[in-house]
Amino acid sequence: MVNLGLIGLGSQGLEHLEASAFSKKAKITMVCDSNPNTLIKVKEARPDILTFSSIEEMLPNKGALNGLVLSLPHHQYGPIWAAIESFHLPVLKEKPLGRNLAEAMQFFSIFSKPGVFLKTAIQRRYHPSYSFLANRIKSGGEPSRIMEVMATLHLGKKDNHSGWRGDPIKSGGGALLDCGYHLVDLVTSFTGQMELISANLWCDGKPATNQMIEDQATLYAKAGNCWIFIEIRKDGEMKNGNIQKKEEIYLRTTDGEYKADRTGVWLDGKRLMNCDKGWIDTMPKQLDEFADDIENKRVDYFAIWEQTPVMRVIESAYALARESFPTGVVNNG
Amino acid sequence: MDSFGHYSEFAEDKLIFQHINAGDDQSANTLLKKLQGRPAIFAGKVYLRDWTDKAEEIPDAELRFIRLGWDKYYSANYLDAAKNFIEAIEVGNVWLSWSCLGLGKVLSDLGRWLESRNWLLASLKYSREQNDYYRMAECYGSLGEVFFRTGNYQVALEMFSLDKQILPPGSSFRYRLENYMAITSGRLGAYEIATQALWQSYFGALNSNPTSSWYSLASLFTLSVFRTDSNLFDRLSMVSPPSDCPYIDMPKAFIEVAKAYWHLKESDSSQAGNCLEKAASFFSSRYPVETLWVRTLMCRFVSKNHSPYSTAPWIDNDFVINISPLSPGLVDRRLAEIPIQNQTFFQFGDMASCEDPFEKWKYFLV
């Protein structure tokens, strides 16, 4: 069992904490957050966990840790990165790798040193149904050829602009960077590097300029001769007065048309696998893999490079979408 | 024709395609002139729609019907154009993306938007299978028009954006698409973005494509009406666009309609009438829908003596198409699911009774 320190107890951080209870190989033994109320709640629920209000406080205890899990607002990594480095521990960082490719490379360069490594938490491609589909496509005498992909992710949230996520500098972006990262990564895991053709970003139903946080994004891309459409929404379609969540991917292949979501995989409408508790398994599995890497001293130097195509697509999408609408602030006439 | 002659024609055909794909219409046209007098079996002629030979002499039936269809489409003879495109689809083999596109565009101009969308999606599927990017760009642009006219502005903007990105760098259509994107942003209520983008297009195209600048200007005039922004209108009235450029009847007409609107705001129906007369003459029979609209405006605001309906002899367009288009490809499937309905412009037919015929302006991509 490896011992992990968790830095950042926002909603994503708490999910990591919850997941560690189901992990077979990793245990979160220390947490760090600047919010005292959050620390009190964690302490009450998990008295076995050490709590710290700053990284500096936590640092002297690094000898009891085997790795760190970072789950902070996007803009808070830069200032603390030197402190993180001084732990000299393997790091699992919540996605995105950086707010942009340059920042990602800056973080990564520090963790290219011997003995430490940096991984990014990307859950989607590890989900059982998507893993099943990936294996299915790659297996057999001749792998399926993918001709078209349509991927959709609707988070089903009402609120788009609150907190640090509402600040373009702090967040680095909205729906595309946050949810789009997952979807672009998932699609890339099937198709390989995609080349962006067109990107549209929206904020409250209007084109999003670079001063706005997009709540919706649509991308058209190609990977080889495979055409790709990706739609990301912070909200979703309305049904019976409620915003609907949606997450699905369709692949038109030489086998037929596959559909996959968190509940299973279908080929031409016929169910191939069922996945009831899939999502619950995914985060513990991710921690298990991180623990495996630490225990076996398996430094997957390429795991981060694997994400640079995703970062590149996202960065290109922002540039492309804003090429047409760089700013919305002019005087009338 | 000897084998060398065949070779020569194919070589010219290849070059025409290359020039078109690079956005070099001038070189493509120069080559096309060399082909005059020969039956236009060359795709390049259809691309540029600048043919002088007789379509009836084209030996290949499918391409002949398509050429005839486009001839009639550009003469606003929509019913015969539709007939030709359907004939082309019925004998269809290698040019199906072209004939489906033609039928889709005819149906769009007839206000049969639901069917138009389906045929355009079929064309898109054929185009994608054949890696025909130029046709794909046209399909997405035409779908953009359908979604625009049916009030689905967000997806319309996506379509125009995609059309623009698929076009090769340097294509002269880029200016038009930038205008379309700006106009659609305006319809979405992003007026500042639209205004900025249209001024940018106006000045950007002034030297290289003054016709496009005229369209930007007409769209700015339209914005002045949509925003009821007399300040913008006054500024636009001081602009002097280049006068010696082709194909500017359409933007000139819309500018006259905008002027009429502002004259009516000042209760000057006489001046408004003059402007609308000018607009009607600019639209003429080449733009029957727009002419019908202007005649309706005249009937409503200036004089009851005008009959709007005399300009729309093709209003009875409910011909039945007995063939079905292909279902759309996966990446375009959601476009087939966006709710729209056939709503012929003419429900414009009851324009005379509608509250404000100016409101119909929203249907025009300006």
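Ala, Val, Leu, Ile, Met, Phe, Trp, Tyr, Cys and Pro are counted here as nonpolar, Asp, Glu, Lys and Arg as charged, and the others, Gly among them, as polar. By this scheme, the lining of the second largest pocket in the predicted model comprises 14 nonpolar, 18 polar and 15 charged residues. The volume of this pocket is about 1,400 Å³. Its lining is made up of 47 residues, and those nearest the centre are A:G10, A:S11, A:Q12, A:K157 and A:R165. Several elements of chain A each contribute at least two lining residues: the helices α1 (11–20), α3 (55–58), α4 (77–87), α8 (175–191) and α9 (278–295), together with the strands β7 and β14.

The interface between chain A and chain B was examined next. The contact involves 34 residues from chain A and 34 residues from chain B. About 3,000 Å² is buried between the two chains, with carbon and sulfur atoms giving 57% of this area. Two salt bridges are counted between chain A and chain B; one of them joins the side chains of B:K164 and A:E323, at 3.7 Å from N to O. Ten residue pairs, with both residues at pLDDT 80 or more, are in polar contact across the interface.

On the side of chain A that touches chain B, at least two residues each come from β7 (146–154), β8 (195–203), β9 (206–207), β10 (216–223), β11 (226–233), β14 (246–253) and α11 (308–324). The largest share, five residues, is supplied by β8(A). By class, this side of chain A has 16 nonpolar, twelve polar and six charged residues. Strands β7 and β14 of chain A are listed both for this side and for the lining of the second largest pocket.

Note on methods:
Residues are numbered from 1 along each chain as its sequence is written. Chains are lettered from A and ligands numbered from 1 in the order in which they are written. This is a predicted model: local features need pLDDT of at least 70, side-chain atom pairs count only at pLDDT 80 or more; totals for chains, interfaces and linings use all residues. Side-chain values use heavy atoms; hydrogens and water are left out. Contact means heavy atoms within 4.5 Å. Buried area is the accessible area (1.4 Å probe) that two parts lose on being put together, summed over both. A salt bridge is a side-chain nitrogen of Lys or Arg within 4 Å of a carboxyl oxygen of Asp or Glu. A polar contact is a pair of N or O atoms within 3.5 Å; within protein, one must be able to donate a hydrogen and the other to accept it, and residues adjacent in sequence count only if both atoms are side-chain atoms. Helices (H or I, at least four residues) and strands (E, at least two) are DSSP runs, numbered from the N terminus. On a 1 Å grid over the protein atoms alone, a cavity is a set of points where a 1.4 Å probe fits but cannot get out, and a pocket is an open set with protein on both sides within 12 Å along at least five of seven lines; lining residues have an atom within 4 Å of a point. Grid points are joined across faces, edges and corners, and a volume is the space filled by probe spheres set on the points.
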